[in-house]
Amino acid sequence: MRSTILLITGIIVLVICSVYQIQHVSSIEKPQQNYSVIKEWDYQWLYKPKESYQPAWIAEGDPTKWQHADTEQPMQKRAAGADALILRITLPSLDWNTPGIWIKRAYGTAVSVALEHREGLLYNMERSYPYDVNYTLLPLSDATKGNHLLILLRLSDERQSLEPEMVIGDYNQMLPEYERYGLIELVYGGSFMFIALIMMTCLFFLKREQIVLWMSLCLIILCLGEIILAYSPALYHHYYAYGKPFLDLFDLALFLLTPALAVFFEQTLGPGIHGIIKKFRIVLIPVTVFVIVLWALGKTIVPGISLSLLQVVPLTFIAAIQFLILTVHAIGYAWKGNRDAIMISVGYSVFCSVFISEIIIYFRDETYHLIYWKWGLLAFLLSLIAVMGRQFSRNHDQLVKYSKELEMFNREIQRAEKMELISHLAASIAHEVRNPLQVTRGFIQLVGEKAVNKEKQFLQLAVQELDRASSIITEFLTFAKPHLEDIKTLNISEELNQIQDIISPLAAMQSTRLEVIAEPDLYVLGSAEKFKQAIINMIKNSLEAISSFDGAVSILANKEDNEVLIRVIDNGEGIDPEKLSKLGEPYFSNKSKGTGLGLMVTFRIIEAMEGSIRFSSTKGVGTEAVIRLPSVSTNPSETPFPES
């Protein structure tokens, strides 16, 4: 999944590079010295209420009603009730080999271009849908010098500022830039939609809990791609016959973007304070469905439904509420150190700052073309992808953690089953062997009362060996369930010092340094004899793992929270990771002649003292065993441990 996210990010970076390259090439090949901007023209309004558009209107200009516009006297806003606009441009001297005029921006749902007092049209385009941004490049001839070029525009219902942008120059030199005009938005928006479709193919490989987050991000990218694509004038210029479906998809993208954002934020930031994000999402989805149904009816069965009212009122109101909720929560979580919220807040802030700035400029001048909001949108989108990547990464880490815990639980279950098996075996052996031993011991004692000299000595030796065999059987019961006798408060420092005295000769024989460092006032409950047995087993294992002459075994004891930690550290040969997890299992040993029973007894003793043992080892460096025992005060109630 991480590779998929990296692939998506790589595609977005590639898109940015492609867009930059297109813009860079355009700026290089821009014929700055071979064209001039038209800065003055005449205009007049036409009033054609409820009449279908006719290119013949271009000849209806009244010679007495022309108004002049230039840089010092800009064109007035749309006259009340005006349905069409005629522009009249006086063509200057055409000092180019192939003169032409590039109408870079003219506002109207239909456009017709002709030369005054000449029949025929140079250009004609009519749309049946309400998109009013147009551009075209037209060749001119030397014969048109000093003539008037007339441009007829059928006005849309909403736009008020209509000042055009026009350039006159060499046709062949303007043609490359004209062909690339609006291409950035096409590449940008189309790439987003392509990325969203690629992401949707990954839905079949995701887990159920990941599908909602992934699908919401796919929908966000798809909607944003359609919004960018539908904003490009090149789309309607080259594919004007399919403009209506593109505008319908644009409306649908606006409707779906808000609930998709709500779902994504809920999946990443959680339900919010008092569950407000979740509640908003629950209310938003049916409202969105209702608005889409009304929109569809207005497009088909009931055309009287105002689409502008549907888009402006509910969409603006819902978007404003969502902006407020998500902004407050993102900032709140970011303030608390939530990295996901920080990334979302940064991306969201960049987008909102750029977009709001451009909207302010647009309301001041409706002819301003929004440019930079797309790049702010990219910053926001990258932050969403980064958050989703972190979410999936956390899910993966959680899965790995659960897998390790499950593996540990399985080992504990297997170990418990082996312990139970040995418990039954030990109990059976103890029961079956002890009785004959006691009977044999009794008869030997009876015979020994009548024996003399050597015979009596031999019989006493036999009784001693029987007692030793009985003691071994008693120790064997420790494998199954150690019984801690004489439970009392143990001073760990004193116990470890006694152990050091016992084991020091063995360490000296192996030229190994034995070091004990214990904090004072460390107390635990347990049997001193069993505790010594467990620690001595651990130290002997460490000594046997050391093969060099500079060996060292350290026993460190300290208190941590409410536990006493005893560390047995050696610089021996270390243990392989696959063998480390098997330590303490019956009959498993890392030594060639070992049985594994000694370490198993150690585990059982520590467990009986309500403690735990954990090993860590590095091959060739050494091994560390950490024993954790519950700490007690100096005067605890001497109650035995609960039976486990």
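This is a predicted model: local features need pLDDT of at least 70, side-chain atom pairs count only at pLDDT 80 or more; totals for chains, interfaces and linings use all residues.
Q: Which strand holds methionine 125?
A: Methionine 125 lies in strand E7, residues 123–126.

Q: Buried or exposed?
A: Methionine 125 counts as buried, because its relative accessibility is 6% and the cut-off for buried is under 20%.

Q: What is it in contact with, leaving aside neighbours within four places in sequence?
A: Methionine 125 contacts Thr109, Ala110, Val111 and Asn134. Its C-alpha is 5.5 Å from that of alanine 110, which is 15 residues away along the chain.

Q: Switching topic: how do E14 and E15 run?
A: Strands E14 (residues 552–560) and E15 (residues 563–570) are antiparallel, joined by eight bridges. They form a hairpin with two residues between them, and aspartate 561 in the turn has a positive phi of about 55°.

Q: Which residue stands opposite lysine 559?
A: Valine 564 in E15.

Q: What about E15 and E17?
A: E15 pairs with E17 (residues 622–630) in the antiparallel sense, over eight bridges. Glutamate 563 stands opposite proline 630 in E17.

Q: How many salt bridges are there?
A: Eight. One of them joins arginine 628 and glutamate 560, with the closest N and O atoms 3.6 Å apart. Arginine 628 is in E17 and glutamate 560 in E14, so this pair ties together parts 68 residues apart in sequence.

Conventions. Residues are numbered from 1 along each chain as its sequence is written. Side-chain values use heavy atoms; hydrogens and water are left out. Two strands pair if DSSP finds at least two bridges between them. Helices (H or I, at least four residues) and strands (E, at least two) are DSSP runs, numbered from the N terminus. Buried means under 20% relative accessible area, exposed over 50%, partly exposed in between (1.4 Å probe, protein chains only). Contact means heavy atoms within 4.5 Å. A salt bridge is a side-chain nitrogen of Lys or Arg within 4 Å of a carboxyl oxygen of Asp or Glu.
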